[in-house]
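Please look through the sequence and the model, then read on.

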Amino acid sequence: MDEVILELKNMKVDIAVVTETKKKGQVSQKLGYYDHFYSGVPKHIRAQQGVSIFIHRTLRKHITSWEAINERMIKVNMNIYGYRTTILGVYGVNEDALVANKDEFYEQLNDEIVKVGNTREIILLGDLNGRTGNKKQDDVVDRYGEEMLNDNGTKIINMCKQNNLRIMSGFFQHRCIHKYTRTQPTMNQESIIDYLLIKQRSRMKINNVRVYRGATCDSDYHLLKAKILFPRIKSQKDLIPREEDSLSVVISVSFFV
């Protein structure tokens with residue numbers, strides 16, 4: 001845990017989602033520079049899945065509530081620079097999971113997105129265990145994703161279409177080393193399975209989404225980091241335009257495996 005917190009601090013991360021943590025229970029605690037919100041399996045069940053949200057202590061005053069939904073989903077509600085925002089951390093089911101398990105997962109995830117409503121921003125982060133391919137001039141994936149599209153990826157795209165969400169990594173052009181979020185050298189395989197999703201008509205601006213290698217904490221995953229800009233909301237008192245506020249958001253996956 002100390003190593004994770006140190007990496008997040010060194011990367012100057014404000015909000016991070018960490019998945020596949022395999023810890024039990026539901027916890028809210030202060031850990032160094034961060035507030036840690038965790039959702040895992042009940043204590044009487046073997047440790048598996050698990051998802052966390054880390055929020056830098058300087059943003060503590062912006063947190064309004066949080067909820068441990070289950071071992072695959074957690075959310076924190078915030079009021080960030082005047083934007084009512086829900087941070088939704090998600091750990092998706094595997095590609096080879098039973099169809100019934102997949103349907104149950106995506107049905108619940110869709111329900112949670114619907115609960116956010118139209119008046120709030122949503123930042124959905126996590127390892128969704130799906131490969132969404134690419135498509136030119138598309139509102140959901142756009143051209144800069146990978147070539148591979150699998151069943152989970154199709155389900156992710158359908159969920160995005162249903163809720164008017166956008167997979168932001170496909171909208172930024174980067175070299176492969178800054179694009180693939182998981183590498184498996186023994187299988188000679190690279191893939192994109194970790195994502196940042198926001199509303200297609202969001203007032204937030206995504207400045208960049210890319211992978212950073214090095215801060216892996218002995219994992220085969222790489223950090224997917226984004227910079228999110230929050231344009232100042234003008235009021236009658238704002239006589240002079242002000243600069244945009246920004247947050248650094250990262251999906252840091254499988255640190256504890």
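What does the accessible surface of the chain come to, and what percentage of this surface belongs to carbon and sulfur atoms? The accessible surface is about 12,800 Å², and carbon and sulfur atoms account for 45% of that area. The model is a predicted one.

## Overall form

The chain contains 15 strands and three helices. Along the principal axes, its C-alpha atoms fill a box of roughly 60 × 45 × 35 Å. A compact globule of 257 residues would have a radius of gyration near 18 Å, and the chain, with 17 Å, agrees with this.

Of the 257 residues in the chain, 54% are buried. Among contacts with a separation of 6 or more, 62% are between residues 24 or more positions apart.

## Charges

The chain carries 39 positive and 31 negative charges. The mean position of the positive charges and that of the negative charges are 6 Å apart.

## Aromatic pairs

A pair of aromatic rings is described by two values, the distance of the centres and the angle of the planes. In the whole structure, a search finds five aromatic pairs. One of the pairs is formed by Phe37 and Trp66, with 5.4 Å from centre to centre and 55 degrees between the planes, and this pair is tilted. Phe37 belongs to strand 3 (residues 34-39) and Trp66 to strand 5 (residues 63-70), so the pair ties together parts 29 residues apart in sequence. Trp66 is partly exposed because its relative accessibility is 30%, which lies between the limits of 20% and 50%.

Another pair is that of Tyr83 and Phe230, whose ring centres are 5.3 Å apart. The planes of Tyr83 and Phe230 stand at 70 degrees, so the pair is edge-to-face. This pair links distant parts of the chain, since Tyr83 is in strand 7 (residues 83-91) and Phe230 is in strand 14 (residues 223-230), 147 residues apart. Tyr83 is buried at 2% relative accessibility, and Phe230 is buried with a relative accessible area of 0%. Ring pairs also bring in Tyr81, which forms a cluster with Tyr83 and Phe230.

## Thr86 in strand 7

Strand 7, which holds Tyr83, is also the place of Thr86. Is Thr86 buried or exposed? Thr86 has a relative accessibility of 2% and counts as buried. Residues up to four places away in sequence aside, Thr86 touches Lys75, Val76, Asn77, Val116, Arg120, Glu121, Ile122 and Ile123.

Val93 is found in the loop between strand 7 and helix 2 (99-116). With a relative accessibility of 6%, Val93 counts as buried. Which residues are in contact with Val93, leaving aside its neighbours within four places in sequence? They are Arg72, Asn101, Lys102, Phe105, Leu128, Asn129 and Asn152.

Val93 and Thr64 are 29 residues apart along the chain, and their C-alpha atoms are separated by 29 Å.

Technical notes:
Residues numbered from 1 in each chain as written. Predicted model: local features only at pLDDT ≥ 70, side-chain atom pairs only at ≥ 80, totals over all residues. Heavy atoms only, no water. Helix = DSSP H or I, 4+ residues; strand = E, 2+ residues; numbered from the N terminus. Rg over C-alpha atoms; globule rule 2.2 N^0.38 Å. Buried < 20%, exposed > 50% of the residue type's maximum accessible area, 1.4 Å probe, protein only. Contact = heavy atoms within 4.5 Å. Areas by Shrake-Rupley, 256 points an atom, 1.4 Å probe, with all protein chains shown as cover. Lys, Arg positive; Asp, Glu negative; His and termini not counted. Charge placed at Lys NZ, Arg CZ, Asp CG, Glu CD. Phe/Tyr/Trp six-rings, centres within 6.5 Å; stacked < 30°, edge-to-face > 60°.
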